Amino acid sequence: MSESSTGKISNVLIETRVFPPSESFANQAAIGSMEAYQALYDSSIDDTEGFWAQQATEHLHWFTPFHTTLQWNEPFAKWFVGGTTNVSYNCLDTHVLNGRGDRVALYWEGEPGDRRTITYAELHRDVCRFANGLKKLGINKGDRVSIYMPMVPELAVAMLACARVGAIHSVIFGGFSAEAISDRNNDAQARFLITADGGWRRGKALTLKQTADEALAKSPTVEKCIVLNRIGNQPAMQPERDIWWHDLIADVTDDCPAEPMESEDSLFILYTSGSTGKPKGIRHTTAGYNLYVKRTFQWVFDHRDEDIFWCTADCGWITGHSYIVYGPMSAGATQVMYEGAPNAPKEDRFWEIIARYKVSILYTAPTAIRTFIKWGDHHVEKHELSSLRLLGSVGEGINPEAWMWYYEKIGGRRCPIVDTWWQTETGGIMMSPFPGAIACKPGSCTRPLPGIVPRVLNHTGPAGELGDVETNHGGMLCIEKPWPGMLRGIWGDDERYRQQYWATVPHMYLTGDNARFDEDGYYWIMGRIDDVINVSGHRLSTIEVESALVSHPAVAEAAAVGRPDEIKGQAITVFVTLKSHEPTDEMREALKKHIRKEIGALAVPDEVRFTSSLPKTRSGKIMRRLLRDIAAGKEGTGDTSTLEDYTVLVRLRNDDES
Ligand code: WTA
């Protein structure tokens, strides 16, 4: 039987390097050995509800205690039923009441170099004042509020103020177009939009209010638009509709008690792109989400009081929601928040920031790491990075070569790397090393977090029935049990939620990713299910072909896609960006030879195309779907609203670089 008919995905790239935590790291870690991790994990699986009930009682503040831990009416979960709490209370009041109000919450740095230090007491006051401003405008519990802002502290203030009064926020990344904003306003039926006159990005002023105005012309449900003065560019204000942030809070008090919210009241909607059709509004709720992001933050980053944590994501993405605002703030962490681009004014801005604030934990994305490699080591070497003790990665698979560079050049071989696998839908991290306990393997997200039961399924049965795959065979990654941070649905579309996540594999959450586990029980993400390439009956994962390419010294980034081929089923096209080398025919041949050596003849690309950049989503993921169309000579038909740079597509189509 050929591999494709059994649904197996070949695992072709074997990574054998293993990096256990140093003794000194393990000794100071909360979970400092494999036995400690295993004991915690086992206890969470033996009695999952009991485990989460105890976690929720110990780690959240309750106005009213819950009476039922979980009501599971597949696929709809209700956690901590009967209880009332408030996420903003857990992020702010708890610390102020515990005498920790003077702790720094945020060291914020604007792109032009302006700086602010904000304590928990100050953040609490700012959130209360803005929440009172929202109340003045007549906001009600359950109202939807769109937030379209640059990465300034007021973005976090706006989110926390919504949580405080019980309004549901929908943060829209500051790089989105007017069309994307109005689509989201209309889908959520937002009553309010919070924006700013602008923000700074790569030395340029982004005119957010102008874009917001265009969107508002097509957003009939939005009644009021609140505008923060960030760059002083004096946008047009519509008197009935628009109000300055500073005017709104000019005459309010600092006193605004947090509204007791039911555990399952919605906290936010976050839109994420589907491969076709309109974006999906992923809905998260109050208590389960709050508990999950707080505890996963503490576990994965082994967080300690003296840490300075820096997550480089934008609050417009789930990573910013969960690991800038709600997770770290619930844990009382001190963080760095940065407004701008990593190359403003120069390519060493991140390293300068780390040295200035003595950042101890850095959490960033593989796309950024590959960019830093391309820019060159000299930018890094200028700065003192010895404050770092832990590194993290999120958003895509990290190619082993990029992992090694991150480990050596940024971490000085001293810092474990937590490769965290999760999704907008999962709310928080699902698989990752516990850095003091689990040895890292470059490219693997290693093991599941407490309470999480991953399964890898494929059509393995004699008649093609679904079953668990064997060790080192790829399949569909699913999650077996509900967990507190899981999405509760798609806003306004229960049927799409059921179809998308619960219909393919009975009684399991379908992640949409392929994965395998190895002989040590480590998980390896192999890319999105749609991205698999099928060559002569061998199913190859995109990440493996790409990682092999990135291990060639001339290659900065690579994307591999399949295109129809009469003989082989699919042929492989790879799109490659080079570091500083010439895109010659010799280079093409050298890369093919390299793949033959690293993987074997079956993965040798039929076509190597050079390009100066790859099409990416605004959160930095390579858009293989668009590249598939280009490789097949088709005009793209799918949704491109999340594409970062349209000119990349035009250039790739025109073929002028390949
Ligand atoms: C991918 C981001 C490999 C994966 C938090 C997932 C990863 C999608 C990793 C979710 C990782 C995220 N290794 N792949 N460590 N982290 N992904 O919703 O395909 O923006 O399904 O959430 O990113 O992306 P999202």
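Start by selecting Thr424, which is buried at 14% relative accessibility (buried means under 20% relative accessible area, exposed over 50%, partly exposed in between, with a 1.4 Å probe and protein chains only). This is a predicted model, where local features need pLDDT of at least 70, side-chain atom pairs count only at pLDDT 80 or more, and totals for chains, interfaces and linings use all residues. Residues are numbered from 1 along each chain as its sequence is written, and side-chain values use heavy atoms, leaving out hydrogens and water.

Thr424 sits in the loop between strand 20 (417-420) and strand 21 (454-459); helices (H or I, at least four residues) and strands (E, at least two) are DSSP runs, numbered from the N terminus. Now show what surrounds Thr424: leaving aside neighbours within four places in sequence, Thr424 is in contact with Leu270, Thr272, Ile282, His284 and Ile318 (contact means heavy atoms within 4.5 Å).

Next, the aromatics. A search of the whole structure turns up 45 aromatic pairs. Rings of Phe, Tyr and Trp (its six-membered ring) pair if their centres lie within 6.5 Å; planes under 30 degrees apart count as stacked, over 60 as edge-to-face and the rest as tilted. Select Phe51 and Trp299: their ring centres are 6.3 Å apart and their planes at 25°, so this pair is stacked. Phe51 belongs to helix 4 (residues 48-59) and Trp299 to helix 11 (residues 287-300), 248 residues apart. Phe51 is buried at 7% relative accessibility, and Trp299 is buried with a relative accessible area of 7%.

Trp52, in helix 4, lies 247 residues from Trp299 in helix 11, and Trp52 is buried at 0% relative accessibility. To see the whole cluster, select Tyr37, Tyr41, Phe51, Trp52, Tyr292, Trp299 and Phe434.

Last stop: helix 7 (residues 153-165) and helix 12 (residues 318-330), whose axes come within 11 Å and cross at roughly 60°. Axes are lines fitted to C-alpha atoms, for helices over the stretch in contact, and angles run from 0 to 180 degrees between N-to-C directions. Helix 7 is therefore oblique to helix 12 (under 35 degrees is roughly parallel, over 145 roughly antiparallel, 65 to 115 roughly perpendicular, the rest oblique). Show Ala156, Met159, Leu160 and Ala163 of helix 7 against His321, Val325, Tyr326 and Met329 of helix 12, which make the contact.
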